[in-house]
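These are my notebook entries on one structure, kept in the order in which I looked things up. The structure comes before the entries.

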Amino acid sequence: PATAPVLSTPAYTNGQFQFTLTGQTNVTYVIQSSTNLQNWISVATNSQSPAIRVITLPAPGGQSFYRAFAP
């Protein structure tokens with residue numbers, strides 16, 4: 001089974017939201033976003049091979065929450 005990912009080091013720059021995803025090497029992770037912690041939508045799929053990856057997404061207009069998982 002894949003290691004549960006950890007999202008850390010959030011930052012906002014020039015309309016972009018960036019964070020570090022720490023997981024397992026050679027595992028694809030799906031990143032989801034929610035404004036209310038109940039309804040989640042997939043916003044990115046990351047299949048980079050390193051265990052530690054920097055993820056950059058367009059910043060939302062308001063508050064959002066993020067999570068990641070290995071499908």
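**Entry 1: contacts and overall form**

I took contact to mean heavy atoms within 4.5 Å. With that cut-off I looked up the contacts between residues at least 6 apart in sequence, and 57% of them join residues at least 24 apart. I note here that the model is a predicted one.

I next listed the secondary structure and found zero helices and six strands. Along the sequence the pattern reads β-β-β-β-β-β. The radius of gyration is 12 Å, close to the 11 Å that the globule rule gives for 71 residues, so the chain is as compact as a globular protein of that length. Taken along the principal axes, the C-alpha atoms fill a box of roughly 35 × 25 × 15 Å.

Of the 71 residues, 25% are buried.

**Entry 2: the open sheet**

In what order do the strands of the three-stranded open sheet stand? I read the order as S4-S3-S6, and the pairing is antiparallel. Strand S4 (41–46) and S6 stand at the edges with a single partner strand each, so one side of each has no neighbour in the sheet. From one strand to the next the twist averages 25 degrees.

S3 and S4 form a hairpin with six residues between them. In the turn of that hairpin I noted Leu-37, which has a positive phi of about 65 degrees.

**Entry 3: aromatic pairs**

I searched for aromatic pairs and found three in the structure. Phe-17 and Phe-19 form a tilted pair, 5.5 Å centre to centre with 45 degrees between the planes. Both Phe-17 and Phe-19 are buried.

Why does the pair of Phe-17 and Tyr-66 count as stacked? Planes under 30 degrees apart count as stacked. The ring centres of Phe-17 and Tyr-66 are 4.9 Å apart and the planes stand at 20 degrees, so this pair is stacked. Phe-17 lies in strand S2 (residues 16–22) and Tyr-66 in strand S6 (residues 65–69), so the pair ties together parts that are 49 residues apart in sequence. Both Phe-17 and Tyr-66 are buried. I recorded Phe-17, Phe-19 and Tyr-66 as a cluster linked by ring pairs.

I returned to Phe-17 for its own values. Phe-17 is buried, with a relative accessible area of 17%. Leaving aside neighbours within four places in sequence, I listed the contacts of Phe-17 as Pro-10, Ala-11, Ile-55, Thr-56, Leu-57, Pro-58, Ala-59 and Tyr-66.

Is Thr-20 buried or exposed? Buried means under 20% relative accessible area, and Thr-20 counts as buried at 17%. Again leaving aside neighbours within four places in sequence, Thr-20 is in contact with Val-6, Leu-7, Ser-8, Thr-9, Ile-52, Arg-53 and Val-54.

**Entry 4: positive phi values**

Most residues other than glycine have a negative phi. I therefore looked up residues that depart from this.

Thr-9, one of the contacts of Thr-20, has a positive phi of about 55 degrees although it is not a glycine. Thr-9 is found in strand S1 (residues 6–13), and at 57% relative accessibility Thr-9 counts as exposed.

Where does Asn-14 lie? I placed Asn-14 in the loop between S1 and S2. Asn-14 has a positive phi of about 50 degrees and is not a glycine either. With a relative accessible area of 74%, Asn-14 is exposed.

Note on methods:
Residues are numbered from 1 along each chain as its sequence is written. This is a predicted model: local features need pLDDT of at least 70, side-chain atom pairs count only at pLDDT 80 or more; totals for chains, interfaces and linings use all residues. Side-chain values use heavy atoms; hydrogens and water are left out. Rings of Phe, Tyr and Trp (its six-membered ring) pair if their centres lie within 6.5 Å; planes under 30 degrees apart count as stacked, over 60 as edge-to-face and the rest as tilted. Buried means under 20% relative accessible area, exposed over 50%, partly exposed in between (1.4 Å probe, protein chains only). Helices (H or I, at least four residues) and strands (E, at least two) are DSSP runs, numbered from the N terminus. Two strands pair if DSSP finds at least two bridges between them. Axes are lines fitted to C-alpha atoms, for helices over the stretch in contact, and angles run from 0 to 180 degrees between N-to-C directions. The radius of gyration is taken over C-alpha atoms; the globule rule is 2.2 Å times the number of residues to the power 0.38.
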